[in-house]
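Please look at the sequence and the structure below, and keep both in view while reading.

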Amino acid sequence: MKILIIEDEPALNQSMAAFLAAAGYLCESVFTYKDALEKIDYHSYDCIVLDIMLPGGSGLDLLNYLRQDKKNDGVIIISARGSLEDKIEGLQLGADDYLIKPFHFAELSVRIAAIIRRKSYNGQSIVAAGDIQIDTTSKSVLINRKSIDLTQKEFQLLLFLVVNRNRILSKNSIAQHLWGDQMDFPDNYDFIYSHIKNLRKKILAAGGEDSIKSMYGEGYKMQLP
């Protein structure tokens with residue numbers, strides 16, 4: 001799950017990124033309005049952590065731009081401005097939540113998880129399809145009611161495939177989802193094949209169906225009812 005942190009204070013930005021990365025999120029950080037605008041123009045995120053006061057512009061203008069562009073990325077505003085009017089303005093522009101500085105990183109993480117659960121999983125923490133059951137809160141997976149051990153990347157890959165089941169996902173979209181913009185122009189996609197191969201092997205070992213299909217020249221598809 002990809003998080004974009006838009007916060008101009010380097011220490012706070014880096015601390016949030018480290019905490020959320022430890023919680024299993026893929027984090028990208030920017031510090032200015034211009035860099036943030038470029039990110040949201042070319043990429044999509046499960047949740048954006050958005051400060052209001054930024055060098056070069058307002059976070060509220062970024063939020064307004066995002067919603068006018070019909071993008072559905074989750075947004076949680078973080079701000080030292082805690083008046084009722086500020087909160088109402090942010091929420092009316094389309095923010096999903098508003099957190100006043102200073103705050104505990106654990107609370108930020110819980111609120112991000114709630115936004116993603118509401119937007120991506122219909123408010124449920126359990127995502128199920130076929131013989132696969134994924135708990136997005138505990139980050140555990142059952143295949144035919146048997147628990148399997150996955151690496152963090154394998155878990156994120158499986159969740160991405162299941163949420164987008166019966167759709168062809170290009171190798172580039174998988175790379176972007178799992179590794180962020182550092183994978184904009186990879187030399188090849190052999191590393192994705194390796195992760196798919198390992199994930200498929202673990203599913204089959206647990207008695208699951210071979211539902212991850214390679215679509216020649218296009219990518220991969222999780223073929224499930």
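Val141 has Ile148 as its bridge partner in β11. Helices (H or I, at least four residues) and strands (E, at least two) are DSSP runs, numbered from the N terminus, and two strands pair if DSSP finds at least two bridges between them. Strands β10 and β11 run antiparallel and are joined by 3 bridges.

The model is predicted: local features need pLDDT of at least 70, side-chain atom pairs count only at pLDDT 80 or more, and totals for chains, interfaces and linings use all residues. Residues are numbered from 1 along each chain as its sequence is written, and side-chain values use heavy atoms, with hydrogens and water left out.

Strand β10 also pairs with β9 (residues 132-135); these two run antiparallel, with 4 bridges between them. Here Gln133 has Leu142 in β10 as its bridge partner. The hairpin of β9 and β10 has 4 residues between the strands, and in this hairpin Lys139 takes a positive phi near 55°.

In a regular strand the side chains alternate between the two faces of the sheet. The covered face of β10 holds Val141 and Ile143, whereas Ser140 and Leu142 belong to the uncovered face.

The hairpin of β10 and β11 has 2 residues between the strands, and Asn144 takes a positive phi near 50° there. Arg145 lies in the loop between β10 (140-143) and β11 (146-148). Is Arg145 buried or exposed? Arg145 counts as exposed because its relative accessibility is 80%; buried means under 20% relative accessible area, exposed over 50%, and partly exposed in between (1.4 Å probe, protein chains only).
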